[in-house]
Amino acid sequence: MTAAATTPLGAASAPRGRRRLLVGVGDDLDRHAAVHGPRRLHGPVIIDEIDRSGLTGRGGAAFPVATKLVAARTAMTRGQRSVVIANGAEGEPLSRKDVVLLMEAPHLVLDGLAAVASAVGASETYLVAPASLAPRLRAIVDRRIAVGWARRPTVVVDAADRFVSGETTAVVDRVAGGPGLPHDRRVPTATAGLRGRPTVVHNVETLAQVALIDRHGAEWFRERGTGAEPGSMLVTLSDDREIRGVAECDIGAPLASVVDRSARAVLVGGFHGTWIDGRAIGSLALSAGSLREVGASPGAGIVHSLPAGSCGLEATVAIVDHLAGESAGQCGPCMFGLPALSDAFRDLVTHGGAERAEIVARLAATVDGRGACAHPDGTARLVRSALVAFADDVPQHAVGRCAARTPGGHR
Ligand SMILES: Cc1cc2nc3c(=O)[nH]c(=O)nc-3n(C[C@H](O)[C@H](O)[C@H](O)COP(=O)(O)O)c2cc1C
Ligand code: SF4
């Protein structure tokens, strides 16, 4: 019997435990059908349900999903059917949530993709995923078609292996057969993206959340999270030694529930994120509303802790070096500005001093907002936050010491 045939309509009950997405289903379509049940809604009503749910994108910018879908649907004309792309590129080195989701719940991602395609009347769907997962995902797509679970095949595309390759226009470029680099975005992708067609690009976690909203509705979705930021989110936890794992948390959960209060600092939002002083951990929550108080945001759910006794300036220069090397080399301020910023930051780490910190701040301001994509902006944000969170280290490095390692210095 097929997975579709073995599933009585409405047999699956809405998940009530802490985990909604990562419930241990894996590749098995029969198990997916038994645990989650069939898809429920078709057509534009899905947009209404998503709108009521308050779902925002889980790829970093937390943009309202329904707004993007309305734009794509409105832009569609008779000759220009829209396209939906699942973004599983995950170019961020501190993130593993998308690969874990694609391993543990690929059918939720593909069901969400189908639901969004139905909502915006799309004729084509794509899944951009790490090359290592692509053969497995293609086999999953084939099985869904073979048993009648899905009607239209999703094309699985190998992601380009760069930091910037998960940016929306880079993903569209990759699907179009290009190298997967960002493009200048004068017209929104939702209006004119792949081959000029209205194109919806969503992070794979966003789509998996859509698959659950489709089945269990907006009210169920809002049972978790906060009023302003409903739902759960996947969070990748790491420290200076390793990626510790991926957790599914309610939005608004205490930051201290996922990170040790003794940490010297926490980087939230990843390489384009913001350093937060460890002393603030106890008063913050995993939500945009709470993290805004310290100029941060959860981004794509990355929480990286810097243990007590570690140097934040050294940790940051390693990241800035990496980001400078990841410029796609298309915009001058990014191509030349980021290496200059990285050199200046290294100079600061080596020699310390307020003047060098000022030079770093000035260079960050020079690149901010000056690229076709947000790569320079994210790098500038990281650098600025480091200058604040590790301000105690700046004078110490000038006298050959580091506050983090000085007895009685910053913890
Ligand atoms: C430099 C850069 C890299 C990005 N990398 C990713 C990525 O790897 N995966 C992802 O889903 N979004 C990434 N984004 C965000 C996407 O541009 C886009 O906002 C997101 O895929 C939209 O999906 P969502 O609405 O579901 O969040 C990146 C953005 C920038 C500026
Ligand atoms: S800002 Fe940098 S990464 Fe973005 S498109 Fe321009 S050169 Fe490429």
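**Figure 1. The shell around ligand 2, by residue class**. In this predicted model, the shell around ligand 2 holds nine nonpolar residues, five polar residues and no charged ones. The shell counts 14 residues. Those that come nearest to ligand 2 are Ala-328, Cys-331, Cys-334, Gly-371 and Cys-373. Two elements, H11 and H14, each give two or more residues to this shell.

**Figure 2. The shell around ligand 1, between two domains**. Around ligand 1 there are 22 residues. Gly-57, Gly-59, Gly-166, Asn-203 and Thr-206 come nearest. Strand S4, residues 199-203, supplies the largest share of the shell, three residues. By class, the shell around ligand 1 has seven nonpolar, eleven polar and four charged residues.

**Figure 3. Domain 1 against domain 2**. The chain is divided into domain 1 (29-221), domain 2 (232-306) and domain 3 (312-405). The C-alpha centres of domain 1 and domain 2 are 26 Å apart. Contact between these two domains involves 13 residues of domain 1 and 14 residues of domain 2. Which helix gives the most to the side of domain 1 that touches domain 2? Helix H4 (residues 97-104) does, with three residues. That side of domain 1 is made up of five nonpolar, three polar and five charged residues.

**Figure 4. Helix H13, residues 354-367**. H13 has 14 residues. At 1.5 Å a residue, H13 should span 20 Å, and its end C-alpha atoms are 20 Å apart, so the two values agree. Buried residues of H13 are Arg-356, Ala-357, Val-360, Leu-363, Ala-364 and Val-367. Seen down the helix axis, these buried residues fall within an arc of 125°, so they line one face of H13. On the other side of H13, Ala-354, Glu-355 and Arg-362 are exposed. What do the buried residues of H13 pack against? Their partners are helix H11 (332-335), helix H12 (337-351), helix H14 (375-389) and helix H15 (393-398). Gly-369 follows H13 and has a positive phi, near 75°.

**Figure 5. Ala-324 in helix H10**. Ala-324 sits in helix H10, residues 312-325. Is Ala-324 buried or exposed? Ala-324 is buried, because 21 other C-beta atoms lie within 10 Å and the cut-off for a buried residue is 20 or more. Leaving aside neighbours within four places in sequence, Ala-324 is in contact with Leu-338, Pro-339, Leu-341 and Ser-342. Ala-324 and Leu-181 are 143 residues apart in sequence. In space, their C-alpha atoms are 15 Å apart.

**Figure 6. Arg-222 in the loop between H8 and S5**. This loop runs between helix H8 (204-221) and strand S5 (232-238). Arg-222 has 17 other C-beta atoms within 10 Å. That count makes Arg-222 partly exposed, because a residue is buried at 20 or more and exposed at 12 or fewer. Neighbours within four places in sequence aside, Arg-222 is in contact with Ser-53, Gly-54 and Pro-230. Arg-222 and Glu-293 are 71 residues apart along the chain, with 24 Å between their C-alpha atoms.

**Figure 7. Positive phi at Ala-62 and Glu-90**. Most residues other than glycine have a negative phi. Ala-62 is not a glycine, yet its phi is positive, about 55°. Ala-62 is found in the loop between helix H2 (45-53) and helix H3 (65-75). With 20 C-beta neighbours inside 10 Å, Ala-62 counts as buried. Glu-90 also has a positive phi, near 40°, and is a residue other than glycine. Where is Glu-90 placed? Glu-90 lies in the loop between strand S1 (83-87) and H4. Glu-90 is buried, with 25 other C-beta atoms within 10 Å.

Notes
Residues are numbered from 1 along each chain as its sequence is written. Chains are lettered from A and ligands numbered from 1 in the order in which they are written. This is a predicted model: local features need pLDDT of at least 70, side-chain atom pairs count only at pLDDT 80 or more; totals for chains, interfaces and linings use all residues. Helices (H or I, at least four residues) and strands (E, at least two) are DSSP runs, numbered from the N terminus. The expected span of a helix is 1.5 Å times one less than its number of residues. The arc is that of the directions from the helix axis to the C-beta atoms. Two residues are in contact if their C-beta atoms, placed from the backbone, lie within 7 Å. A residue is near a molecule or strand if its C-beta atom, placed from the backbone, lies within 6 Å of it. Ala, Val, Leu, Ile, Met, Phe, Trp, Tyr, Cys and Pro count as nonpolar, Asp, Glu, Lys and Arg as charged, and the others, Gly among them, as polar. Domain bounds come from an automatic or database domain assignment.
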